[in-house]
Amino acid sequence: MSTKSFNTSSSNTDAFNGNPFKKSGGESVVNGVDLSVNFAGIKAPNPFWLASAPPTDKAYNVVRAYEAGWGGVVWKTLGEEPPAVNVSSRYSAHYGQNGEVIGFNNIELITDRSLEINLQEITQVKKDWPDRALIVSIMVPCNEEAWAYILPLVEATGADGIELNLGCPHGMPERGMGAAVGQNPDLIEKVTYWCKKHYSKPVIVKLTPNITDIRVGAQAALRGGADAVSLINTINSITSIDLDNMVAKPTVGNQSTHGGYCGSAVKPIAMNMVAEIARDPATPTLPISGIGGISTWRDAAEFIALGAGSVQVCTAAMLNGFRIVEEMKDGLSRWMAEKGYDSIEAFSRKAIPQTTDWKHLDINFKTIAKIDQDLCIECGRCYIACEDTSHQSIAKLTEQDGARRYEVIEEECVGCNLCQITCPVENCITMVPQETGQPFLAWDNDPRNPFRAAS
Ligand SMILES: Cc1cc2nc3c(=O)[nH]c(=O)nc-3n(C[C@H](O)[C@H](O)[C@H](O)COP(=O)(O)O)c2cc1C
Ligand code: SF4
Ligand code: SF4
């Protein structure tokens, strides 16, 4: 891979940045609200950090990201010497019907630049940008000597903390690293413990989603002494097959392998995992850096409401460039001002009390669909959806003039939302809560529950 080399002397910094002493984008108060965060002791002017990946693999990128206004970065994962070797090609995508990238897949490894150059650049960047968070991602073999060797070198850079890459799903697990560690709670605990022993600043454990229960990994990290967790790393994936050549993408010659899935498509999976940890009684105050499909301020706000204290972005920056952070900061601060939240902390975890197990939901709550006839364009999509796959609760009527009319049969509607989801007209179908006169009743107490006595 050709990389721009970055000499850390001031004169060369000048050459890349124009004026390295004119720092921009570091204001923490935006539209009257304070976006600053103190995440497990790591301070940043805003919660928007770039995740460990190509956008953060060299000073040239990180400096421009800071100039654009990112509050922090997690440097592309460092490893042992000699550096990793990458293949060509490396990326593929899952596209929507209009050609938009819904999900992104990669088979890249950790940094393919030398440890020495990375450490030099990190040292200089932290010196030049003291107000931004700079976290160093690390992945070395699962033995104490390897960690004991690299950690003092990273500590000497002055970076604010480290993130343990225990999640890379391809290439590195075959060498006993990445997800091979992250899928084994004992190893998570052990590696975290070594890091706390040989490094004095905050240790963030980045978790793999390629497991059955994310809470197990978070609990192991906490046992090892982690200051925080971050999630998710990428999900094992094959995005598509070239049916002419019968090979998956991205292709390397005429072969392929599974990659790591990320981007917008993984956001729901990541949010659930963040919430699982945030509401786990075993990890109730463990700081969480939320990652996975964050592309807008709203995505970030949702992660924060579910327990994230900072958010990390990779794919959205790779697809749209560093400047997306401007809209993120502007949108989030405007929304916070409108809602009366004067800090990130003011709404962090706000959605957690309302996020519960199915058995605690109110069986007696009822909502039904309502069609706004003035907005309806008579496309019939709601009718087909309900008739063929839900509860046959929409009637298709024909008016005297031949016009079609769709009406909800209220007694039949179970309030599943399917018609609202399929309707192409905004606000045409709304779900209306009903006054049933019945008390709150959770399944635990429902007489229809055969296991009620036991539970
Ligand atoms: C091309 C590429 C390379 C990546 N390299 C790393 C890496 O070196 N270390 C790491 O911890 N995560 C790596 N990731 C994962 C991201 O940091 C992030 O966890 C993931 O992409 C989900 O976030 P997103 O949906 O915003 O992309 C990489 C992701 C991509 C797309
Ligand atoms: S909410 Fe569900 S059951 Fe009710 S009309 Fe719509 S699709 Fe049918
Ligand atoms: S899907 Fe929406 S617009 Fe189409 S018929 Fe149903 S209510 Fe009308």
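Two strands pair if DSSP finds at least two bridges between them. Helices (H or I, at least four residues) and strands (E, at least two) are DSSP runs, numbered from the N terminus. This is a predicted model, in which local features need pLDDT of at least 70, side-chain atom pairs count only at pLDDT 80 or more, and totals for chains, interfaces and linings use all residues. Residues are numbered from 1 along each chain as its sequence is written, while chains are lettered from A and ligands numbered from 1 in the order in which they are written.

**Stop 1: the two domains**

Colour 10–339 as domain 1 and 358–445 as domain 2. These bounds come from an automatic or database domain assignment. The C-alpha centres of the two domains lie 41 Å apart.

**Stop 2: the barrel**

Select β5, β6, β9, β10, β11, β12, β17 and β18, in that order. They form a closed barrel of 8 strands with parallel pairing. From one strand to the next, the twist averages 25 degrees. (Axes are lines fitted to C-alpha atoms, for helices over the stretch in contact, and angles run from 0 to 180 degrees between N-to-C directions.)

Zoom in on β17 (288–291) and β18 (308–313), a parallel pair with 4 bridges. Serine 289 faces serine 310 of β18.

**Stop 3: helices across the strands**

Now show α7 (214–224). It packs with α6 at an angle of about 30 degrees, and the axes are 7 Å apart. Which residues of α6 and α7 make the contact? On α6, they are Pro185, Ile188, Glu189, Lys190, Thr192, Tyr193 and Lys196. On α7, they are Val216, Gly217, Ala220, Ala221, Arg223 and Gly224. Two residues are in contact if their C-beta atoms, placed from the backbone, lie within 7 Å. By class, this contact has 6 nonpolar, 3 polar and 4 charged residues. (Ala, Val, Leu, Ile, Met, Phe, Trp, Tyr, Cys and Pro count as nonpolar, Asp, Glu, Lys and Arg as charged, and the others, Gly among them, as polar.)

**Stop 4: the open sheet**

Pick β7, β8, β16 and β13, the order of an open sheet of 4 strands with antiparallel pairing. β7 (91–95) and β13 (235–237) stand at the edges with a single partner strand each, so one side of each has no neighbour in the sheet. Between β7 and β8 there are 5 bridges. Alanine 93 stands opposite phenylalanine 104 in β8.

**Stop 5: ligand 1**

Centre on ligand 1, surrounded by 27 residues. The closest are Ala51, Ala53, Cys262, Cys314 and Thr315. (A residue is near a molecule or strand if its C-beta atom, placed from the backbone, lies within 6 Å of it.) The shell holds 13 nonpolar, 11 polar and 3 charged residues.

**Stop 6**

Go to ligand 2 and its 15 surrounding residues. Cys386, Ser393, Cys413, Cys416 and Cys419 are the closest. How many charged residues does this shell have? It has no charged residues, with 10 nonpolar and 5 polar.

Ligand 3 has 13 residues around it, the closest being Cys376, Cys379, Arg381, Cys382 and Cys423. Its shell has 10 nonpolar, 1 polar and 2 charged residues.

**Stop 7: a hairpin**

Finish at β20 (394–398) and β21 (404–408), an antiparallel pair with 5 bridges. Alanine 395 stands opposite glutamate 407 in β21. Between the strands of this hairpin are 5 residues, and glycine 402 takes a positive phi near 90 degrees.
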